[in-house]
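Biologist: I'd like to learn how to read the features of a model like this one. Could you walk me through it, starting with a charged residue?

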Amino acid sequence: MHPSVEWDPATYVKFGDYRDRPFFDLTQRIHAESPRLVVDLGCGPGNLTATLAARWPEAQVVGVDSSQAMLDRAAVHAGRFPNLRFELGDIASWMPGDADVVVSNAALQWVPGHERLLPSWLDAMAEGSWFAFQVPGNFGAPSHVLMRELADSPAWAVKLAGVLRHRDAVLEPADYLRIALDAGWQADAWETSYQQLLQGPDPVLEWVRGTGLRPVLSALDASDAEAFERDYAVMLNEAYPATPNGTVFPFRRLFTVARKSPAGTVDGVDA
C-alpha cells in the first residue's frame with residue numbers, strides 16, 4: 001500500500017470474494033514445493049498472506065506493507081500461524097534478500113517506477129526462485145477516467161493537483177513479460193477481465209473507496225471528500241447503470257508469474 005495514502009482496512013476488505021479471487025488465480029500458478037522464505041509484498045490486511053502460511057507450513061512467511069493500519073489488522077493472522085509475521089516496509093526500498101517466493105497482489109501500481117525495480121529484484125533472487133504479481137489494468141475504464149476528469153475540473157483542480165497518476169500506473173502484460181525474460185527468467189503473463197456483479201446503492205463508488213479513490217479521500221477534508229463523492233457517484237451511476245440483477249463492474253487484471261530456472265535447465269512456468 002502507498003505510504004502517503006490513508007488506508008481503511010474495513011473498507012478495503014469489502015467485496016472480499018472479488019478482491020481475493022485474482023490472488024488465488026495468481027498463486028495457483030506458483031509451483032514451488034518447499035520454499036524457505038515467502039514474502040507477500042504489499043500484504044494489506046494479511047488475510048491472503050495467511051493462506052500462504054497455510055500452504056507452506058515449513059516456510060517462513062513475511063507480509064510487508066507500508067500502512068500501519070493494515071498491519072494492525074493483519075496482526076490477528078500472525079497469531080494463528082507460527083510461521084507467519086508482518087513487517088512495516090516501503091516497496092520502493094525493499095530488496096528480496098533470501099526470499100524463494102515473492103508474491104505481490106495489487107500493490108505495485110502504487111509504486112512509481114516499479115518497472116525499474118523489477119529487474120534489480122529479479123537479479124538479486126536465487127536460482128529456482130519464483131516471483132508472481134498482479135496489478136489492476138482498469139485505469140482506462142470509466143471508473144478511473146471519470147475520477148480523473150472530476151479531479152481535473154475547475155472545482156477540484158487546485159486541491160487535487162498531482163494526486164492521481166493513473167495514466168502511467170502500470171505497464172501492459174507484454175511489457176512485464178519482456179522484463180522477466182530479459183532478466184533470464186522463465187515467465188508467463190496474461191490478463192483477465194472479471195465481470196463483477198455488485199449489489200446495493202452506489203456499488204462502484206463503494207468499490208473504489210477501498211482502493212483507487214483513497215488518494216483523493218486522503219487529500220481532502222471530510223466536507224470536501226463528501227462533496228467530491230456526491231458528484232462522482234452521479235457520474236458512476238450513469239456509466240454503470242443498475243440492472244435487476246445488480247451492477248456489472250468489469251475489472252481487468254494483469255498477471256505475471258516467473259521462475260528463475262536453475263543453471264543448465266530449461267524448465268519454467270507451465271502454460
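Modeller: Gladly! Asp20 is buried yet has no salt bridge, and the nearest side chain of opposite charge, Arg19, is 7.3 Å away. Buried means under 20% relative accessible area, exposed over 50%, and partly exposed in between, with a 1.4 Å probe and protein chains only. A salt bridge is a side-chain nitrogen of Lys or Arg within 4 Å of a carboxyl oxygen of Asp or Glu. For charge, Lys and Arg count as positive and Asp and Glu as negative, while His and the chain ends are not counted.

Modeller: This is a predicted model, in which local features need pLDDT of at least 70, side-chain atom pairs count only at pLDDT 80 or more, and totals for chains, interfaces and linings use all residues. Residues are numbered from 1 along each chain as its sequence is written, and side-chain values use heavy atoms, with hydrogens and water left out.

Biologist: Where is Asp20 found, and which residues is it in contact with, leaving aside neighbours within four places in sequence?

Modeller: Asp20 belongs to helix α2, residues 16-27; helices (H or I, at least four residues) and strands (E, at least two) are DSSP runs numbered from the N terminus. Leaving aside neighbours within four places in sequence, Asp20 contacts Asn47 and Leu48, where contact means heavy atoms within 4.5 Å.

Biologist: Which salt bridge does Arg29 form?

Modeller: The general idea is that side chains of opposite charge can pair when their charged atoms come close. Here Arg29 pairs with Asp188, with 2.7 Å between the closest N and O atoms. Asp188 is buried, at 18% relative accessible area.

Biologist: How far apart in helix α7 are Arg178 and Asp182?

Modeller: They are four residues apart, or about one helical turn, and their side chains meet in a salt bridge at 3.8 Å, N to O. Arg178 is partly exposed at 42% relative accessible area, whereas Asp182 counts as exposed at 59%. In total, the structure holds eleven salt bridges.

Biologist: How many residues does the largest nonpolar core have?

Modeller: In soluble globular proteins, nonpolar side chains tend to be buried together. A nonpolar core is a set of buried Ala, Val, Leu, Ile, Met, Phe, Trp, Tyr and Cys residues joined through side-chain atoms within 4.5 Å. The largest one here has 29 residues, and Val102, Leu118, Trp121 and Phe131 have the most contacts inside it. Elements giving two or more residues to this core include β1 (37-41), α5 (114-124) and β7 (247-259). Helix α5 provides the largest share, four residues. Among the contacts of Val102 beyond four places in sequence are Val39, Trp94 and Ala132.

Biologist: Is Asn83 buried or exposed?

Modeller: Asn83 is buried, with a relative accessible area of 6%, and sits in the loop between α4 (68-78) and β3 (84-88). Its side chain reaches the backbone oxygen of Trp56 at 3.2 Å and that of Pro57 at 3.5 Å.

Biologist: And how many residues of helix α6 are buried?

Modeller: Seven of the ten residues in α6 (142-151) are buried, among them His144, Met147 and Arg148. The buried residues of α6 pack against α8 (203-209), α9 (214-219), α10 (222-239) and β7.

Methods. Polar contact = N/O pair within 3.5 Å; in protein donor to acceptor, adjacent residues only side chain to side chain.
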